[in-house]
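Student: I've got a structure open and would like to learn how to read it. Could you walk me through it?

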Amino acid sequence: MTSAPLELGAVVAERTVHLTRESLVRYAGASGDFNAIHYRDDVAERVGLPGVLAHGMLTMGLAVETIVDALGDAGRILEYGVRFTRPVVVDAEDGADLVVSAKVGAVDDDTARIDLTVTFGDTTVLGKAQVRVRRQA
Amino acid sequence: MNPELLGRAFPPTASYLVGREKVREFARAVLADAPQHFDPAAAQALGYRDVVAPPTFAMVVQDLTMQQLLAIEDSGIALERTVHAEQRFRYSRPIVAGDELTAQLSITGIRAFGAGAMVTSEAEITDAEGAHVVTATSVLLVGGEVS
């Protein structure tokens with residue numbers, strides 16, 4: 001466990017995660033979101049999607065988990081919000097790689113705003129992904 | 001989209017008992033690695049009674065309110081025409097295994113958007129003592145009627 005200093009501009013954590021169709025089925029079961037666009041190509045195609053998509057809430061969830069160990073205590077998180085701006089298409093064979101980066105975007109006396117960037121290929125898939133945290137554990 | 005949903009009173013959901021294995025299952029699903037989600041001793045070292053749920057686990061409880069909303073016959077909301085546009089959580093404390101949570105739904109905003117509407121749905125999640133745990137807010141883009 002580390003205690004990140006959370007100074008303006010500091011990179012809190014970074015990671016690359018590989019999603020497969022199994023990841024989506026696992027998230028469906030754990031979350032209870034069984035919308036078929038997250039595991040059936042035929043349904044995704046019928047509703048006009050470019051392919052089977054990762055759940056937006058999976059992307060949101062794995063993005064914030066990137067910083068929990070660095071924070072040391074999930075209880076430091078006061079607020080977390082995202083906009084779902086671009087889909088993550090998870091190929092049946094190749095899956096999808098997401099790169100998550102967390103950087104301190106603003107600080108005041110007691111709290112810091114950590115900006116999460118989630119990149120899939122050349123696109124950023126979450127908008128305004130911001131976590132407001134207590135600066136001290 | 002039925003504008004009368006704004007300000008309608010909904011009953012609180014049935015209580016949801018947060019299980020330790022459910023927390024671990026959810027943590028694995030969001031590719032978490034922090035020990036506080038898996039190991040009761042690690043969570044206790046931070047002052048929690050049992051394993052700490054990942055921040056977005058609150059969605060599992062909020063979903064009970066989404067089911068209430070979708071069950072309303074005159075809501076004008078159909079899942080296949082609904083897109084999750086935005087999600088926010090405001091925490092008083094993390095959810096911990098052993099919590100018995102209930103959620104109170106309210107619709108706090110409806111505004112026209114193209115042929116459909118942007119709907120803001122809020123779930124206030126409280127524990128068995130009635131203390132606030134987390135408020136989960138979803139913005140849904142609800143499509144217009146399919147002709």
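Student: How does β2(A) pair with strand β6 (residues 126–134) of chain A, parallel or antiparallel?

Tutor: Two strands pair if DSSP finds at least two bridges between them. Helices (H or I, at least four residues) and strands (E, at least two) are themselves DSSP runs, numbered from the N terminus. Here β2(A) and β6(A) pair in the antiparallel sense, over six bridges. F84(A), for instance, stands opposite L126(A) in β6(A).

Before we go on: this is a predicted model, where local features need pLDDT of at least 70 and side-chain atom pairs count only at pLDDT 80 or more, while totals for chains, interfaces and linings use all residues. Residues are numbered from 1 along each chain as its sequence is written, and chains are lettered from A and ligands numbered from 1 in the order in which they are written.

Student: Which other strand pairs with β6(A)?

Tutor: Strand β4 (residues 111–120) of chain A does, antiparallel over five bridges. In that pairing, D115(A) has Q130(A) as its bridge partner.

Student: And what joins β2(A) to β2(B)?

Tutor: Five bridges, with the two strands running antiparallel. Y80(A) has F89(B) as its bridge partner there.

Student: How many residues of chain B are in contact with chain A?

Tutor: Contact is about C-beta atoms, placed from the backbone: two residues count if theirs lie within 7 Å. By that rule, 27 residues of chain B touch 27 residues of chain A. On the chain B side, the elements giving two or more residues are α1 (20–29), α3 (58–71) and β2 (82–91). The largest share, eight residues, comes from β2(B).

Student: What classes of residue are on that side of chain B?

Tutor: Ala, Val, Leu, Ile, Met, Phe, Trp, Tyr, Cys and Pro count as nonpolar, Asp, Glu, Lys and Arg as charged, and the others, Gly among them, as polar. The tally is 16 nonpolar, four polar and seven charged residues.

Student: Now A74(A): is A74(A) buried or exposed?

Tutor: You count other C-beta atoms within 10 Å of the residue's own: 20 or more is buried, 12 or fewer exposed, in between partly exposed, with C-beta atoms placed from the backbone. A74(A) is buried because 29 others lie within 10 Å.

Student: Where does A74(A) lie, and what is A74(A) in contact with?

Tutor: Look in the loop between α3 (56–71) and β2 (77–84) of chain A. Leaving aside neighbours within four places in sequence, A74(A) contacts V68(A), Q36(B), V52(B), P55(B) and P94(B).
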